[in-house]
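Please look over the structure shown below before reading on. The briefing that follows covers its sheet, its helix packing and its charged side-chain pairs.

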Amino acid sequence: MAKKLKIYEVDFTGEYPVGNCLILAAYDQKQAEEMARATITHETTIEVTEVVLDKPKVITYLSGNY
């Protein structure tokens with residue numbers, strides 16, 4: 001059986017004072033953290049959290065209004 005991808009949301013401080021987000025798909029928490037660290041190179045403190053897909057939901061919404 002093929003391994004299923006999971007969705008992860010990454011909390012981090014953006015480079016500019018506007019909305020920021022990183023949503024990624026990975027096979028597990030370790031891979032998600034590695035991908036996030038490779039992508040977010042300006043910040044050392046990040047928090048990677050699995051998005052539980054137990055019901056329909058909006059994962060992230062950034063309106064651009066600030």
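How many bridges join strand E1 to E3? In this predicted model, four bridges connect strand E1, which covers residues 6–11, with E3, and the two run antiparallel.

**Sheet and helix**

- The sheet is open and consists of three strands in the order E2-E1-E3, with antiparallel pairing.
- Strand E2 (22–26) and strand E3 (47–50) are the edge strands, each of them pairing on one side only, and the twist from one strand to the next averages 30 degrees.
- Within the sheet, Tyr 8 is found opposite Glu 50 of E3.
- Helix H1, made of residues 29–39, packs on the sheet and touches E1, E2 and E3, while its direction makes about 135 degrees with that of E2.

**Salt bridges**

- Three salt bridges are found when the whole structure is searched.
- One of them links Asp 28 to Lys 3, with the closest N and O atoms 3.7 Å apart; because Asp 28 lies in the loop between E2 and H1 and Lys 3 in the segment before E1, the pair ties together parts that are 25 residues apart in sequence.
- Asp 28 is partly exposed at 30% relative accessibility, whereas Lys 3 is exposed at 55%.
- Lys 30 and Glu 34 form a salt bridge with an N to O distance of 2.9 Å, and these residues, four apart in helix H1, are separated by about one helical turn.
- Lys 30 counts as exposed at 57% relative accessibility, while Glu 34 is partly exposed at 46%.
- Asp 54 pairs with Lys 57 in a salt bridge whose closest N and O atoms are 3.3 Å apart; Asp 54 is exposed at 56% relative accessibility, and Lys 57 is partly exposed at 37%.

Definitions and conventions:
Residues are numbered from 1 along each chain as its sequence is written. This is a predicted model: local features need pLDDT of at least 70, side-chain atom pairs count only at pLDDT 80 or more; totals for chains, interfaces and linings use all residues. Side-chain values use heavy atoms; hydrogens and water are left out. Two strands pair if DSSP finds at least two bridges between them. Axes are lines fitted to C-alpha atoms, for helices over the stretch in contact, and angles run from 0 to 180 degrees between N-to-C directions. Contact means heavy atoms within 4.5 Å. A salt bridge is a side-chain nitrogen of Lys or Arg within 4 Å of a carboxyl oxygen of Asp or Glu. Buried means under 20% relative accessible area, exposed over 50%, partly exposed in between (1.4 Å probe, protein chains only).
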